Each structure stands twice: as C-alpha cells, then as structure tokens.
Amino acid sequence: SSSSSTGTSTSMLNASPLIVLLSLLWEHIISLSLPPPPLLLALSVRFLGYGVVFGSLVVKVPQLIRVYRAKSAKGLALTTFELETVGYTVAALHSFHLNMPFSAYGECLFLLVQDAILLVMLYTYQKTPTTRILAPCALYAAFVGALALAGWPMHVLATMHASTSALFVAARVPQIVTNAKQKSTGELSLISVALNWLGNLARIFTTMQSQAAASVLVGHVLGTMCNGVLLAQILLFKPKKKKAL
C-alpha cells in the first residue's frame, strides 16, 4: 500500500535490488498514487549510479584516441596512470566483497581495463625502458596474487580501501606538477578529464545517499577537486591549435 511504502526507510530502499524498486514504482502507477519521495530518491540514485557505470565505458576513450592519433604520449605522467590502476583494483575488490550492487563500483572495473590499455600505449610511445615497465607490473601481480592467496581478507581490503582517497590524490599530483612545469597539458584529453570530473560529482551524491563509508565519500570529493585542477590547467594552457580529442 501507499502508506507502507511511504514508511519504508530510505536506507532499506537504497539497499533493495533495482527490480524491487521498479516493482514498487509500478504498484503506485497502476494504483494512480504518488510514489513516496524515498522511493523516487532511491530510484534516482540507482539510475545515476548506472549512468556513471555506463559512462565509464567510454570515459577514457577520448584519451586513448588522442594518444593513438598523435602517436605520442607527450606530457602524460606514467605514475598517474599506474597509481590509478592500483586504486581502481582495490576499490573494485573491496566493493565486490562487500556484495555492493554493481552500479556502486562497476565503473572501477571499466576504468581499470581502459587504464591498462592506456599504460601499454604510454610505455610504447614514451619508449619506456623494459626495467621501468617490468618493475611496476611485477609489483602489481605480486600485490593481487598475495590478496588472492590470502583469500581476499576483508580487514586488509577495508584498510587498503580507506587509503585509496590518498592514493587517487597522489595519482593526480604527478600530472598536475608536470602540467605546471611544462606550462602545457600535452596530449591530456579535455573530454576525458571533464567526464572524470562529472563522474566524481555524481558519485558524491550517490555515495551520500547509499550511506557508504566516509572514506569513499572523501575519495570522490578529493577526486572532484583534483580533476577540477586538471580541467583548469587544460583550459589555461590550451594550445592555439586546439585538437578535437
């Protein structure tokens, strides 16, 4: 009934599967009653979350295209994308083992794959020495392998996840510093950075509504700030001949 739906807590609705939320909405539609605000809020959060996930499928594509077309990775900081890869891995593993809905962490998986492809391109076009490539790859494999052998211990994942906020900030710093030193953003894509910034803004809202850990919210707030700085640098240092991607 409408009264019972209205009495349902927002937290319970946010934890409900999307199909349950849609069925509750359908009940109100066929009974010609107004859906309660908590239900509409839960649906908007869920759809916004899936929107971020689907957007993450293409968020780094402009960056990939720009590097490929230019056959250059000039101005892109390797450390930024390497640290991002670790951060996305930890975030995805933590959320997955907490049984959070895919809409809450799916973009981490998609961004992880895109970062991996981008790193291969950066290593190639920047002619990175083999030892410089093998070292982080070996560390990453050892890191994931150790977690797998230990049975993905939740207390370890939780501790590491709490530090991802600092990790993502640290990941942006080399790129921000490189841009400032060179007074140029090189092949950094305006579209990709802008989409990252918008995605962080959306995640601040969905995280607040889903009552996730404070560390998750802090991470998205810091991510919004760092991507905002990168966006400002791209606009400030943009070349006279502006590229499309």
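A residue counts as partly exposed when its relative accessible area lies between the buried limit of under 20% and the exposed limit of over 50%. In this predicted model, Tyr140 has a relative accessible area of 28% and is therefore partly exposed. The ring of Tyr140 pairs with that of Phe143, with 6.5 Å from centre to centre and 50 degrees between the planes, a tilted arrangement. Both residues belong to helix α8 (residues 130-149), where a spacing of three residues separates them by about one helical turn.

The count of aromatic pairs comes to two. In the pair of Tyr88 and Phe168, the ring centres are 5.2 Å apart and the planes stand at 50 degrees, so this pair is tilted. Here distant parts of the chain are linked, since Tyr88 lies in helix α6 (residues 78-97) and Phe168 in helix α10 (residues 164-182), 80 residues apart. Tyr88 is buried at 7% relative accessibility, and Phe168 is buried as well, at 17%.

Turning to helix packing, the axes of helix α5 (residues 61-70) and helix α7 (residues 106-125) come within 10 Å and cross at roughly 20 degrees. Angles under 35 degrees count as roughly parallel, so α5 and α7 are roughly parallel to each other. Their crossing is left-handed. From α5, the contact is made by Val61, Gln63, Leu64, Val67 and Tyr68; α7 contributes Gln114, Ile117, Leu118, Met121 and Tyr125.

Conventions. Residues numbered from 1 in each chain as written. Predicted model: local features only at pLDDT ≥ 70, side-chain atom pairs only at ≥ 80, totals over all residues. Heavy atoms only, no water. Phe/Tyr/Trp six-rings, centres within 6.5 Å; stacked < 30°, edge-to-face > 60°. Helix = DSSP H or I, 4+ residues; strand = E, 2+ residues; numbered from the N terminus. Buried < 20%, exposed > 50% of the residue type's maximum accessible area, 1.4 Å probe, protein only. Axes fitted to C-alpha atoms, helices over the stretch in contact; angles between N-to-C directions. Parallel < 35°, antiparallel > 145°, perpendicular 65-115°, else oblique. Left-handed = near helix turned anticlockwise from the far one by under 90°. Contact = heavy atoms within 4.5 Å.
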